[in-house]
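Please read them beside the sequence and the coordinates.

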Amino acid sequence: MKTASHLLMSCVVLLVSAPAAFAQVAYPTQPIRFVVTTAPGGGLDSFSRLLAKDLTARAGQQVIVDNRPGAGTTIGSAAVAKAKPDGYTILLNTSAFAISPAIYQKLPYDVLRDFIGITMAVSAPNVMVVHPSVPAKSVKDFIALAKSRASQGDPVLYASGGNGTNGHLAAALFVSMAQIRMTHVPYRSGSLAVIDLVAGHVPMMIDTMSSVMPQVTAGKLRALGVSSLQRAAAAPHLPTIAEAGVPGYQSAQWYGVWVPAGTPTEIVAWLHKETTAILRSGSMQERLEVEGLEVVANSPEEFLALIKSDIAKWTKLVKAIGMSLL
């Protein structure tokens, strides 16, 4: 029979060993689900499948891509916000995640409260392109053309994949900072907008490199500049819009990785370590560069600061242009 002193010693041992036991979380022990907020076949979907393949090898568990497109990426985001915070449901989203708070009057989640950012994985500089019939060979030429046309009561049109999309706001930011007037023509998707741009039905668009550069290479569109602050590695001959006529202009799409708030810190740390290691590998960087994607792989703290900055920037722009909230 145990004495009181023996029982007390047993309790002390349990209390001392408990933190170590709780700190060791076995992960992963089952398949991981990537919730992708866009349809199959797009840029984010292609990226997610590359990442899923490499993470499967590192995790020893299958990483499954689950496409949940719709409502400006909010459907997939809402599903992850409500998921169990155990590291087995992961959100892969675009920079639309930071645009949504600016354009939606009510979201089914709070971007800053309901998620933990793992990393901003990659950045995809936008490209300003025009139809070859447009008599502008540079950003400065285009600004002069837009001012001239607007003064004659005939503003230049610009296309986008829809109201509130990254392409729409990237062009609206350009219009605002260049102090010109243009007319927005929204399409149901970016691909439809590019088709009409190539056909000459609209003269200008700002969209991702993967969407428009093949048409530029084929001579069907003319590229005037990239939207990042530095020249893009995939097209170093193109000047930035900032250096070509609109100082300080910056607008890039990006892909990020999140988990639901409440996910254990050890799992967050594991996911960040493994994800960024995959992204920084030479083979992955080579594959991504072909798609016009540049690896960022920043820390959760840096990622959070960027999201806050983007939300503030787009909210200010939406108010400035008087855009109707959805």
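This is a predicted model: local features need pLDDT of at least 70, side-chain atom pairs count only at pLDDT 80 or more; totals for chains, interfaces and linings use all residues.

1. Beyond its neighbours within four places in sequence, Val130 is in contact (heavy atoms within 4.5 Å) with Ala136, Phe142, Pro203, Met204, Leu221, Arg222 and Leu224. Val130 belongs to strand β4. Its relative accessible area is 0%, so Val130 is buried; buried means under 20% relative accessible area, exposed over 50% and partly exposed in between, with a 1.4 Å probe and protein chains only.

2. Residues are numbered from 1 along each chain as its sequence is written, and side-chain values use heavy atoms, with hydrogens and water left out.

3. The mean pLDDT (the predictor's confidence in each residue, from 0 to 100) is 91 for the chain, and 92% of the residues score at least 70. Residues 1–23 have pLDDT below 50, and this stretch makes 4 contacts in the model beyond near neighbours in sequence. Helix α1 is assigned to residues 4–23, so its placement should be read with the definition of pLDDT as the predictor's confidence in mind.

4. The chain has 12 helices and 10 strands; these are DSSP runs numbered from the N terminus, helices being H or I of at least four residues and strands E of at least two. Along the principal axes, the C-alpha atoms fill a box of roughly 100 × 40 × 30 Å. Of the 326 residues, 50% are buried. Among contacts with a separation of 6 or more, 77% are between residues 24 or more positions apart.

5. Which strand does β4 (residues 115–130) run antiparallel to, with 4 bridges? The partner is β8, and Val127 stands opposite Val226 there; strands pair if DSSP finds at least two bridges between them. Strand β8 (residues 222–226) is largely enclosed by the rest of the structure, because 5 of its 5 residues are buried.

6. Strand β5 (residues 156–160) is mostly covered, with 4 of its 5 residues buried. It runs parallel to β6 (residues 182–186), and 5 bridges join the two. Val156 has Met182 as its bridge partner in β6.

7. Glu274 sits in helix α10 (residues 265–280). Its relative accessibility is 11%, so Glu274 counts as buried.

8. Some backbone values in loops deserve a check. The peptide bond from Tyr27 to Pro28 is cis, with omega near -5°, and Pro28 is placed in the loop between α1 and β1 (32–36). Gln179 has phi near 55°, a positive value in a residue other than glycine; Gln179 is in the loop between α6 (166–178) and β6, and counts as exposed because its relative accessibility is 68%. Ala297 also has a positive phi, near 50°. Ala297 lies in the loop between β10 (294–295) and α12 (300–321), but at 1% relative accessibility Ala297 is buried.
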